[in-house]
Structures are given as structure tokens and as C-alpha cells.
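Colleague: I am new to this structure. Could you take me through it?

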Amino acid sequence: MADDANKPFAGLADVSISEDIAVEGDISVPVGSSRVDEDMSTLDEPVKETVLRDLRAVGKKFVHVLYPKKSSALLRDWDLWGPLLLCVTLALLLQGGAVDQGEQGGPQFAEVFVIVWLGSVVITLNSQLLGGTLSFFQSLCVLGYCILPLTSSLLLCRILLLVANNNAVTFSVRLLVVCASFGWSTFASTAFLADSQPPNRRALVVYPVFLFYFVIGWIILTFSP
Amino acid sequence: MASMKDPFEFQDFDEDSGNLLEPRRDAVTISIEHEDVKFEKKSAPPSADAYEEDPETSDDQAKLLSGQKKTPAFWTFEYYQKLFDVDTHHVKERIIGSLLPWPRKNFVHTYLRRNPDLYGPFWICTTLVFAIAISGNISTFLVNLGNSNYKYTPEFRKVTIAATAIFSYAWLIPLALWGVLLWRSNKVMNIVSYSFMEIVCVYGYSLAVYIPAVIIWILPFAWLQWLSILVALCLSGSVLVLTFWPAVRDDHPKVYITILSTIVTFNVLLAIGCKMYFFSKPENLPEKPPGPTVAVKLST
């Protein structure tokens with residue numbers, strides 16, 4: 001054994017590294033110093049550029065929601081700016097409703113936030129528990145962006161109530177508009193979410209989304225300033 | 001170790017080798033593909049005393065080698081994923097089974113079959129909460145339609161009250177019932193006690209019949225409302241009674257009568273309470289001419 005150990009590379013003949021031979025050499029990977037120059041540094045650009053870039057991304061996703069085709073843009077580059085904007089707009093537009101009623105009036109600003117975000121979280125958890133493949137934030141992103149039709153219908157309703165009296169005709173017009181936007185929202189979000197579910201559970205995932213947008217549509221419909 | 005064959009050659013593994021390594025032939029197997037959760041029970045259909053929950057034997061080898069059902073801890077995500085292991089047609093069957101109770105069919109045995117789910121109870125309760133709030137709102141509006149003194153309010157606070165009432169009914173009563181059944185099963189030999197999730201499941205699905213009932217309550221006809229309450233009470237009450245009857249019938253008559261009547265009483269209380277609180281009766285307001293009344297108010 002001692003004889004074998006003295007010979008250099010003695011163990012190599014067996015194609016196995018014996019413990020006596022020290023492993024030498026440098027196995028560290030040289031750190032690429034060129035990486036810093038390759039990335040475009042977004043730190044130096046003017047603020048307007050940064051904001052516009054994000055706004056353009058949000059706007060592109062709005063277009064995807066308005067014309068829902070099978071595209072993965074919403075899922076690939078998810079962001080939560082759009083949902084936040086839409087939620088704030090929704091909450092602001094739902095203010096000023098029957099303030100003299102005290103506590104039986106419309107939802108407060110914070111309540112709208114709670115409803116939208118809590119509802120989205122619950123639906124996301126539901127779809128994940130049923131075995132969906134979307135990540136948590138992707139699902140939040142889709143559900144938040146698909147509120148866009150309902151928010152625009154709320155805008156339309158408010159304009160209508162400003163211009164005309166609250167009678168049966170305006171109510172039926174509002175009903176029509178809210179129903180149409182509710183259907184649009186549900187259809188748009190289903191187009192994005194349905195593919196990520198196994199086929200025998202799709203209805204189980206779509207129903208909570210339906211309920212969520214139905215409740216938001218109901219809140220919009222019953223809003224009377 | 002260098003083998004004789006080319007080490008990069010693909011080797012075919014037998015797909016069913018997992019089954020061969022199973023130590024127990026009559027174990028419940030679940031195939032790994034989640035498309036179809038097959039529940040193959042090799043044993044006979046469950047009888048009442050075989051329904052006791054087996055203590056989970058933790059056999060490491062069995063867990064690793066076979067596809068045997070293992071229960072993860074309740075703080076992991078996988079535990080809850082197991083509770084959502086249902087397909088669309090399962091949920092549909094369970095809802096229909098709760099709407100049409102049959103004397104011999106025990107809901108737990110027939111429909112749940114050891115796979116209680118949390119999807120049904122949770123979403124049925126949520127739907128019921130919103131249905132009650134919205135229907136109550138519409139019915140109040142319709143009842144006061146000709147009334148000029150009435151100003152419409154959406155009444156969102158009632159949603160939280162409805163949610164509290166329904167979710168506590170769907171969770172606290174099963175908890176109490178589970179405790180009682182566990183206590184009785186310690187005292188009396190033949191009592192079977194269902195697991196907590198199964199009781200929650202039965203209660204959740206039994207609330208499904210109230211959703212159409214609540215929508216019917218929008219129409220302001222008193223006879224229709226009371227008829228639909230009666231029908232809903234009978235259906236959901238019979239689902240509950242038929243489920244728990246096999247569990248308690250071996251007990252002392254006083255005990256099982258108490259348990260069953262408590263179940264029915266709480267059911268009735270929930271239905272009547274919701275009807276009373278959320279749906280207002282048409283009040284007979286005398287038609288006051290607005291003129292003189294306003295003058296009176298201004299002068300005082």
C-alpha cells in the first residue's frame with residue numbers, strides 16, 4: 001500500500017480517485033467584469049422615461065384586457081400598478097354616494113379596497129388549491145386588470161346620473177351597461193385564467209371569478225349619488 | 001461504477017413498478033396523474049363499524065415507495081390542497097345529493113366517500129351570504145316601491161352580519177357536533193364518529209338549498225315566502241338528520257333525540273332569523289298628505 005501511495009497518479013489507473021492524492025487547481029469561475037457594461041443602467045435616465053415606460057406597459061395590458069385574445073403578455077410581465085390604479089379609481093368614483101345616510105350608505109374608500117384585494121386573494125388561493133399553475137401575483141394581476149370594464153361602466157353611470165334624472169329609463173340603461181361590462185370582465189379573466197387549470201376543474205375556478213365581478217357590478221349598480 | 005453497457009443508453013422502467021412495491025394490497029391508491037383521482041377500495045363497502053378512522057401508521061418505506069395517501073400536517077399548503085381535491089362533477093353530484101335527500105342514502109357515505117372537500121362549503125356559504133344581502137336589499141326596495149318616504153340605500157353593513165351568521169353556523173355547530181359525537185363514541189361502543197371535515201362538508205352542502213329559497217324570497221308574496229322556507233327547511237333538515245341518524249342510533253334514545261332535535265332547531269333558527277332580519281315585511285303606512293305634515297314640522 002505504501003508503495004502505491006508513493007507513486008504519483010497511482011490511483012488513476014483504476015479510474016477512481018484515491019484519497020491520498022490531493023486535488024489541486026483553481027476551480028473558481030472568473031467573474032465577468034463585462035456584465036456591468038452590458039446591462040443598460042436605468043438609474044441615470046430621466047424620471048419621465050421611467051414613468052412613461054411603466055405607463056406604457058400598463059397601457060399595453062389595458063389593451064389586452066379590452067380585446068382578450070390568447071396571449072401571455074399579461075401573465076409574463078405581470079405588474080400590480082394597473083390593478084392599483086383601477087382600484088383607486090373605482091374607490092374614488094364610488095364616493096359621494098348618499099353621504100347623509102350615515103352608516104347605511106355606499107361603501108367607504110377603504111371598504112372598496114378590502115373587497116377588491118381580499119376577493120382577489122381568496123380567488124387566487126382557491127385556484128392554487130385546485131391545482132392551478134399560475135403564480136400568486138400573476139393571478140392577482142389578471143384579476144385586477146380585468147376590473148377595467150367595470151370601472152369604465154361606473155364612469156359611464158356617473159356621467160349618466162349627472163346628466164339625467166334617476167328614473168326607470170336611466171336605471172335600465174345603467175343595468176344594461178353594468179351587465180355588459182360584468183360579462184366582459186368575466187370573459188376576459190376567464191380567457192387568461194382558464195388555460196392554467198386542469199380541464200375537469202375549470203368551472204370550479206371560473207365560478208368564484210363570476211361571483212367576484214357580480215358583487216362588484218352590484219356595488220356599481222346600486223350606487224346613487 | 002462503469003457498467004458493461006453504454007451508460008448513456010436509456011433504460012426502460014416498468015410503469016407499474018410502484019404498485020409492486022406496495023406493502024398492503026388493500027390500501028387506497030391514488031394515481032399520480034391528477035386528471036382522475038381514482039379511489040379504488042379493494043375492501044368491501046364500508047360498514048358502520050369499519051368506518052372508524054384508522055390511526056395513520058407512519059411507515060417511511062411505504063410513503064416513499066407507494067402512492068399511499070399520507071396526511072401532511074395541517075399547517076402546510078398540501079393539507080389544504082388535499083381538501084380541494086374534487087372535480088366539477090363531484091361538486092355537482094354533491095350539491096344535487098344535498099337537494100334531494102333519500103332515506104337510505106347517507107350523504108357522507110354516498111357522496112363524500114372519505115374525500116371531504118372544503119371548496120363546496122366555503123363557496124356555498126359565500127354565495128349564500130351575498131344572495132341574502134342582495135335579495136334582502138331588492139325585496140326591501142320592491143316592498144317600498146310606491147312609498148315616497150323611502151330612500152333607497154344599498155345596506156352594505158348587512159353583508160358582514162350575514163357573513164358572521166352563516167359562517168358561524170357552518171363552522172361552530174359542526175365543531176360542537178363533532179365534539180359531542182367523539183364524547184359519545186368513547187362511552188358507547190358502536191357509535192361511529194365522522195371526522196370534523198366531513199361534518200363541515202355536510203353542513204356546507206346542506207346550505208345549498210337555501211340559495212334558491214333566498215332568491216324566491218324577493219317576490220313579496222307572503223304565502224310564497226313561507227312555502228319556500230318550509231320546503232328548504234324540510235330538505236336541509238332531512239339531509240342533516242339522515243346523515244347523523246346512523247351515527248347516533250345505537251345510543252340511548254334520550255341522547256339521540258336531543259342531538260337530532262338540536263340540529264333541526266339550529267337549522268330552523270338560522271332560516272327564520274335570516275328571513276326576519278334581512279327581509280322586511282310590508283309595513284302598512286297610512287298615506288299621509290305631505291303638505292300639512294311639513295307645515296307642522298316647521299312650526300315646532
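What follows is a short exchange about this predicted model.

Colleague: How many helices and strands has chain A?
Modeller: Read the elements from the N terminus on. They run α-α-α-α-α-α-α-α-α-α. So the count, taken over DSSP runs, comes to 10 helices and zero strands.

Colleague: Which helix of chain A gives the most to the nonpolar patch?
Modeller: The surface patch covers about 440 Å². A:Val47, A:Val51, A:Leu52, A:Leu55 and A:Leu85 make it. A:Leu85 sits in helix H5 (residues 81–93) of chain A. Four residues come from the main contributor, helix H3 (residues 47–66) of chain A.

Colleague: Is A:Leu85 partly exposed or buried?
Modeller: Buried means under 20% relative accessible area, and exposed means over 50%. A:Leu85 has 43% relative accessibility, so it counts as partly exposed.

Colleague: How far apart are the end C-alpha atoms of helix H4 (residues 88–99) of chain B?
Modeller: The helix has 12 residues. At 1.5 Å a residue, it should span 16 Å. The model agrees with that, at 17 Å.

Colleague: Which residues of H4(B) are buried?
Modeller: The cut-off for buried is under 20% relative accessible area. The residues that count as buried are B:Thr88, B:His90, B:Val91, B:Arg94, B:Gly97 and B:Ser98.

Colleague: What share of residues 225–248 of chain B is helix?
Modeller: An unreviewed UniProt entry lists this span among the "transmembrane region" stretches of chain B. Its end C-alpha atoms are 33 Å apart.

Conventions:
Residues are numbered from 1 along each chain as its sequence is written. Chains are lettered from A and ligands numbered from 1 in the order in which they are written. This is a predicted model: local features need pLDDT of at least 70, side-chain atom pairs count only at pLDDT 80 or more; totals for chains, interfaces and linings use all residues. Side-chain values use heavy atoms; hydrogens and water are left out. Helices (H or I, at least four residues) and strands (E, at least two) are DSSP runs, numbered from the N terminus. The expected span of a helix is 1.5 Å times one less than its number of residues. Buried means under 20% relative accessible area, exposed over 50%, partly exposed in between (1.4 Å probe, protein chains only). UniProt positions are given in the numbering used here, feature names are shortened, and annotations may be inferred rather than shown by experiment. Patches are made of residues with over 30% relative accessible area and no salt bridge: like charges are joined within 9 Å, nonpolar side chains (Val, Leu, Ile, Met, Phe, Trp, Tyr) within 5 Å. Accessible areas come from the Shrake-Rupley method with a 1.4 Å probe; for residues, only the protein chains shown count as cover. A salt bridge is a side-chain nitrogen of Lys or Arg within 4 Å of a carboxyl oxygen of Asp or Glu.
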